[in-house]
Amino acid sequence: MNDLVMTLLVLFGGSCLGFLFFGGLWFTSKKMLSSKKPVLWYLGSLFIRVGLTLLGFYYMGQNNFKYMLICLLGFIVTRFIVIRMTKIKEMKPIKLDKEY
């Protein structure tokens, strides 16, 4: 029973890391478009996101390969969820009267 609880906690933790990483990437992409210094946004976000993700994997993995894989599974599943949540609907092409 204890192993099942730990497995679910690690899966949930991997999902949280995925939301942090991919949600942060989406947020950074939005902010970079209107920023005067997009490189700072990109590099700052990259180091923070990767650093927190690696720390999370390190602590949740607990030197156990099974927990590492379960955490990675939660991380990858969350990637697809965040992509689906942040998808922009297709835009219709604009018809021009004259060609330029």
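1. Start with what helix 1 hides. Its buried residues are Thr-7, Val-10, Gly-13, Gly-14, Ser-15, Leu-17, Gly-18, Phe-21, Phe-22, Gly-24 and Thr-28. Keep in mind that this is a predicted model.

2. Next, the helix itself. Helix 1 covers residues 2-34, which is 33 residues. From first C-alpha to last, helix 1 reaches 48 Å. That is close to the 48 Å expected at 1.5 Å a residue.

3. What covers those buried residues? The cover includes helix 2 (38-61) and helix 3 (65-85).

4. Now the core. The largest nonpolar core has 11 residues. Among them are Val-10, Leu-17, Phe-21 and Phe-22. The list also includes Phe-57, Met-60, Tyr-67, Ile-70, Cys-71, Phe-75 and Val-82. Helix 1, helix 2 and helix 3 are the elements that give two or more residues to this core. Helix 3 supplies the largest share, five residues.

5. Look at one core member, Cys-71. Which residues does Cys-71 touch, leaving aside neighbours within four places in sequence? Cys-71 is in contact with Val-10, Gly-14, Leu-17, Phe-57 and Met-60. Phe-57 and Met-60 belong to the largest nonpolar core.

6. Last, the geometry. Helix 1 and helix 3 pack with their axes 7 Å apart, at an angle of about 40 degrees. Helix 1 is therefore oblique to helix 3. The crossing of these two helices is right-handed.

Note on methods:
Residues numbered from 1 in each chain as written. Predicted model: local features only at pLDDT ≥ 70, side-chain atom pairs only at ≥ 80, totals over all residues. Heavy atoms only, no water. Helix = DSSP H or I, 4+ residues; strand = E, 2+ residues; numbered from the N terminus. Expected span 1.5 Å × (residues − 1). Buried < 20%, exposed > 50% of the residue type's maximum accessible area, 1.4 Å probe, protein only. Contact = heavy atoms within 4.5 Å. Core = buried A, V, L, I, M, F, W, Y, C linked by side-chain atoms within 4.5 Å. Axes fitted to C-alpha atoms, helices over the stretch in contact; angles between N-to-C directions. Parallel < 35°, antiparallel > 145°, perpendicular 65-115°, else oblique. Left-handed = near helix turned anticlockwise from the far one by under 90°.
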